[in-house]
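Subject: Structure for you to look at

Hello,

Here is the structure I promised to pass on. Please open it next to this email, and my notes follow below.

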Amino acid sequence: MAENKKLFKNIMTTDNRVDIFGDLVKLVSRLMRDDAEQNEENNDPIIRQIREAEHPILMSDFYSSGLIEVLKRWLENDYQIDVEEMAATLEVIFKVDSRENQ
């Protein structure tokens, strides 16, 4: 996204962004569920939570919508951070395993 930031910003901030946002959420959600279902060796905390959830669609929709919203706001310059800091922050967010923190 960083390499094509202007393009993604134009796509995400047009009047049709609700449809695009929804489509991106569905796509990322499906990719997360597919990974959880097809790659049992993936021990990533988020993928593991989706795999073990009673309602995996709900869990993957939650994570994907949060990710897409944060990326959209970063593209709209709501977050004044560079690409490396954004990537590092997302890595921290997605490595959190709430079961280990209880």
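A question to start with: is D34 buried, partly exposed or exposed? With a relative accessible area of 25%, D34 is partly exposed, where buried means under 20% relative accessible area, exposed over 50% and partly exposed in between (1.4 Å probe, protein chains only).

Before the rest, some ground rules. The model is predicted, so local features need pLDDT of at least 70 and side-chain atom pairs count only at pLDDT 80 or more, whereas totals for chains, interfaces and linings use all residues. Residues are numbered from 1 along each chain as its sequence is written, and side-chain values use heavy atoms, with hydrogens and water left out.

Confidence and overall make-up

The mean pLDDT of the chain (pLDDT being the predictor's confidence in each residue, from 0 to 100) is 82, and 76% of the residues reach 70 or more. Among the elements, helix α3 has the highest mean pLDDT, 92, while helix α1 (residues 5-12) has the lowest, 67. Please treat one stretch with care: the pLDDT is below 50 over residues 98-102, which have six contacts in the model beyond near neighbours in sequence. A contact here means heavy atoms within 4.5 Å.

The chain has five helices and zero strands; both are DSSP runs numbered from the N terminus, with helices being H or I of at least four residues and strands E of at least two. Of its 102 residues, 28% count as buried. If we take contacts between residues at least 6 apart in sequence, 60% of them join residues at least 24 apart.

The core

The largest nonpolar core has 16 residues, and M32, L67, L90 and F94 touch the most other members. By nonpolar core I mean a set of buried Ala, Val, Leu, Ile, Met, Phe, Trp, Tyr and Cys residues joined through side-chain atoms within 4.5 Å. Helices α2, α3, α4 and α5 (83-95) each give two or more residues to this core, and α4 gives the most, with six. Leaving out residues up to four places away in sequence, M32 touches I47, I50, S60, Y63, S64 and F94.

Helix α3

Helix α3 (residues 45-52) is largely enclosed by the rest of the structure, because six of its eight residues are buried. Those are P45, I46, I47, R48, Q49 and I50. At the N-terminal end, D44 caps the helix, with a side-chain oxygen 3.0 Å from the backbone nitrogen of I46. R48 is also worth a look: this residue counts as buried at 13% relative accessibility, and a polar atom of its side chain lies 3.1 Å from the backbone oxygen of N43. Polar contacts are pairs of N or O atoms within 3.5 Å; within protein, one must be able to donate a hydrogen and the other to accept it, and residues adjacent in sequence count only if both atoms are side-chain atoms.

Salt bridges

Side chains of opposite charge can pair when their charged atoms come close. I count a salt bridge when a side-chain nitrogen of Lys or Arg is within 4 Å of a carboxyl oxygen of Asp or Glu, and that gives three of them.

D34 from the opening question pairs with R30, the closest N and O atoms being 3.8 Å apart. The two are four residues apart in helix α2 (residues 17-38), so about one helical turn separates them. R30 is partly exposed too, at 42%.

E69, K72 and E76 are linked in a network. K72 meets E69 at 3.9 Å between the closest N and O atoms, and K72 meets E76 at 3.8 Å. K72 counts as buried, at 11% relative accessibility, whereas E69 is partly exposed at 28% and E76 is partly exposed at 24%.

One more residue in helix α4

S65 sits in helix α4 (residues 56-75) and is partly exposed at 24%. Not counting residues up to four places away in sequence, S65 touches F21 and V25.

Best wishes
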